[in-house]
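This report describes a protein model for a reader who has not seen it before. It covers sheets, cavities and salt bridges in turn.

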Amino acid sequence: MKPQTVLIAFVRRLATIGVYSTLLLAFIVAVSPARAQEDLPPYPGIQEDRQYPEWWYAPGKLLLPQTQPITQPEWWYAGSTIPQPMDFSTLDISITAPGAQPQNEGVIPVNVHVTADGTTPDIIVQVTSDNVPDQAIYAGYEKTPSGTIQNLGGFQQAKFMGGASPTGVADITFKYEPLTSGWLNFTVQVWVGGNLLRGPETHAVYVSPVTAAFSTYNVSVTPAGSQTLNAGAIPLTVRFTADGNTPPVIIQVFGEDVPGKAIYVDNSRNPDGTIQNLAGFQQAKFMGGVGPDHIAEVTFYYEPLQAGSLNFEVKVWVGDTLIYGPQSHTVYVTAVSSSFRTFSTAASLGGNSQGFNAGYIPLNIQVTANGTTPDIVMQVSSEEIPDHAIYAGYDKSPAGTIQNLGSFQLIRFRGGVGPDYRASVTLNYEPLQEGWINYTVQVFMGGNSIYGPTRHFIYIKPSGAASTRYPPKINTFAVETQVYTQTTFSVDVTGDPVPQYTLDCGSPSAHVDQEACACSYTGPGYYKAELTATNQDDEGVLYTETATAPVLVPSAWCFMPVMMRSYYLDFGQQKITTM
């Protein structure tokens with residue numbers, strides 16, 4: 001090509017680029033920052049026009065929730081077509097609920113207590129109420145052994161899948177917050193091994209009204225003026241006191257920085273009960289007014305997501321009268337600089353095994369350092385969730401939230417380790433069946449992986465407390481080397497006590513060397529070797545686990561090469577050594 005031709009082509013190319021550049025410049029001007037900013041949604045939690053939830057209180061608004069139709073949930077237990085056998089000799093079931101209590105006394109406890117002189121089949125406790133959620137609302141529970149419950153409207157169900165605890169006890173207390181005075185009825189049923197052993201029986205509780213009679217009152221709001229990012233959840237306490245009974249008290253907090261710069265975590269309340277929560281709106285209703293001690297108090301907890309100022313607006317209503325606010329309260333969150341030189345990371349389960357009836361499986365992860373650290377992120381996943389176990393709650397220090405979806409749990413420590421140079425979380429899981437449950441744990445600090453991914457396992461046995469003992473676990477059983485018909489296996493078996501294992505070559509004519517874990521086959525063919533491992537726990541229960549490994553013994557002509565070489569067959573990644 002001539003130099004003149006190259007020059008002409010280059011000039012044409014520049015012209016084309018110029019046209020596209022002009023079009024691009026026009027596009028950029030059309031979507032300039034001023035124009036684009038108008039099209040963007042506001043940052044989370046920073047709302048110019050507040051979208052109040054439907055339940056946000058204002059004078060004259062209905063305080064009670066809307067009536068919901070009573071529909072039996074799909075998970076509601078209806079007994080077993082084949083009842084389980086009863087292996088215990090004595091069983092006692094007691095059901096207790098208060099006959100009456102004032103409306104301002106807090107939640108109503110409905111308790112079911114089952115005791116037996118030994119382990120039992122599965123226990124199911126059910127409570128229904130036509131008055132929930134119109135005249136009372138479900139407000140929480142306490143369960144022994146620890147575990148979850150199922151809840152929908154007027155239906156609450158507690159399953160003790162392993163039966164009574166190792167001590168022969170199964171206990172559940174359901175709590176209900178009364179919304180009005182009058183009669184509340186609760187119907188209770190108890191199933192043991194598919195047999196209806198108690199109920200249905202109705203327990204009536206009378207909620208007596210409280211007459212307002214007070215002359216003086218006081219409102220105090222106590223936010224943490226400032227705290228470091230790594231100090232955990234921020235407490236915001238609102239306390240209303242009077243010299244007598246009051247009409248309903250409503251405490252409202254609106255955080256314009258929630259959930260953009262902080263997130264709501266939890267609450268503590270006196271008298272106890274529920275709160276309503278949606279993004280930056282938190283509301284506590286004391287429908288009976290102040291408690292018997294003439295105090296209505298709630299502390300809201302917020303986890304900071306970044307350093308800077310956080311603003312909270314507080315209102316307090318007594319009946320239809322606004323007696324406090326709207327008043328803004330500011331908390332300043334200070335940043336944390338890293339100063340550590342050494343750290344350690346550990347993860348552990350409550351034991352290597354535990355009974356199906358022993359309650360939660362606790363998985364603890366902890367990072368300690370000799371100074372402050374960057375952000376820490378902990379991750380746990382399990383293939384056995386939700387089929388073999390379900391996530392059931394957590395304890396975190398410093399206090400805060402976790403993220404959970406099915407078999408994935410993620411924990412963030414935004415300011416790194418706490419003031420005590422420790423970041424710790426215990427995740428609780430409720431087993432749903434016997435057998436092995438595995439967890440994969442990984443920990444990051446400042447974006448760098450400092451632990452894992454590492455697998456941790458626990459064996460769920462029929463009954464008994466947590467123990468370091470566990471059945472045989474065959475981690476590896478595969479062909480390691482093979483020289484014509486002589487096959488040696490790679491074996492890794494763990495357990496406590498140390499398991500004994502035996503090898504079966506899968507051929508009656510093969511010679512087995514148990515000590516060397518090897519088989520000598522009499523001819524070519526496809527065989528299936530089997531390893532059986534056994535041990536016995538302190539209660540004398542014998543555990544057995546088996547694993548198989550495929551073995552291919554080729555014909556003699558496959559071993560003709562003179563020089564030594566090794567290769568792998570596709571099936572089973574089996575290593576073949578030839579001479």
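## A six-stranded sheet

An open sheet is built from six strands in the order β12-β20-β19-β14-β17-β16, and its pairing is mixed. At the edges are β12 (226–228) and β16 (276–278), each of which pairs on one side only. Neighbouring strands of this sheet are turned by 20 degrees against each other on average, direction ignored. Such angles run from 0 to 180 degrees between N-to-C directions, with axes as lines fitted to C-alpha atoms. Strands here are DSSP runs (E, at least two residues), numbered from the N terminus, and two strands pair if DSSP finds at least two bridges between them.

The model is predicted: local features need pLDDT of at least 70, side-chain atom pairs count only at pLDDT 80 or more, and totals for chains, interfaces and linings use all residues. Residues are numbered from 1 along each chain as its sequence is written, and side-chain values use heavy atoms, with hydrogens and water left out.

Leu 278 stands opposite Phe 281 of β17.

## A four-stranded sheet

Another open sheet has four strands in the order β11-β13-β18-β15, with antiparallel pairing. Its edges are β11 (217–223) and β15 (262–270); each has a single partner strand, so one side of each is left without a neighbour in the sheet. From one strand to the next, the twist averages 15 degrees.

The antiparallel strands β15 and β18 are joined by eight bridges. Within this pairing, Arg 269 has Val 298 in β18 as its bridge partner.

Strand β10 (residues 195–208) pairs with β2 (residues 100–102) in the parallel sense over three bridges. Ala 100 stands opposite Tyr 206 in β10.

Strand β9 (residues 182–192) is joined to β10 by 10 bridges, and the two run antiparallel. Val 188 stands opposite Glu 201 in β10. β9 and β10 form a hairpin with two residues between them, and Gly 193 in the turn has a positive phi of about 60 degrees.

## Cavities

The structure holds four cavities of 30 Å³ or more. A cavity is a set of points on a 1 Å grid over the protein atoms alone where a 1.4 Å probe fits but cannot get out, and its lining residues have an atom within 4 Å of a point. The volume is the space filled by probe spheres set on the points, which are joined across faces, edges and corners.

The largest cavity has about 110 Å³ of space. It is lined by 14 residues, of which Ser 146, Met 161, Phe 356, Gly 359 and Glu 430 are the closest to its centre. β7 (155–160) and β28 (422–431) each supply at least two residues of this lining. The lining of the largest cavity divides into six nonpolar, five polar and three charged residues. Here Ala, Val, Leu, Ile, Met, Phe, Trp, Tyr, Cys and Pro count as nonpolar, Asp, Glu, Lys and Arg as charged, and the others, Gly among them, as polar.

The second largest cavity holds about 90 Å³ of space. Of its 14 lining residues, Leu 229, Gly 232, Glu 303, Phe 413 and Arg 414 are the closest to its centre. At least two residues of this lining come from each of β18 (295–304) and β27 (408–413). By class, the lining of the second largest cavity has six nonpolar, four polar and four charged residues.

## Salt bridges

A salt bridge is a side-chain nitrogen of Lys or Arg within 4 Å of a carboxyl oxygen of Asp or Glu; by this rule the count comes to 10. One of them joins Lys 175 and Glu 142 (2.8 Å, N to O). Lys 175 lies in β8 (residues 169–178) and Glu 142 in β5 (residues 136–144), so the pair ties together parts that are 33 residues apart in sequence. Glu 142 is partly exposed, with a relative accessible area of 48%. Buried means under 20% relative accessible area, exposed over 50%, and partly exposed in between (1.4 Å probe, protein chains only).

Are Arg 269 and Glu 177 buried or exposed? Both are buried, and their side chains meet in a salt bridge (2.9 Å, N to O). Arg 269 lies in β15 and Glu 177 in β8, so this pair ties together parts that are 92 residues apart in sequence. Arg 469, Asp 496 and Asp 538 are linked in a network of salt bridges.

How values were computed:
On a 1 Å grid over the protein atoms alone, a cavity is a set of points where a 1.4 Å probe fits but cannot get out, and a pocket is an open set with protein on both sides within 12 Å along at least five of seven lines; lining residues have an atom within 4 Å of a point.
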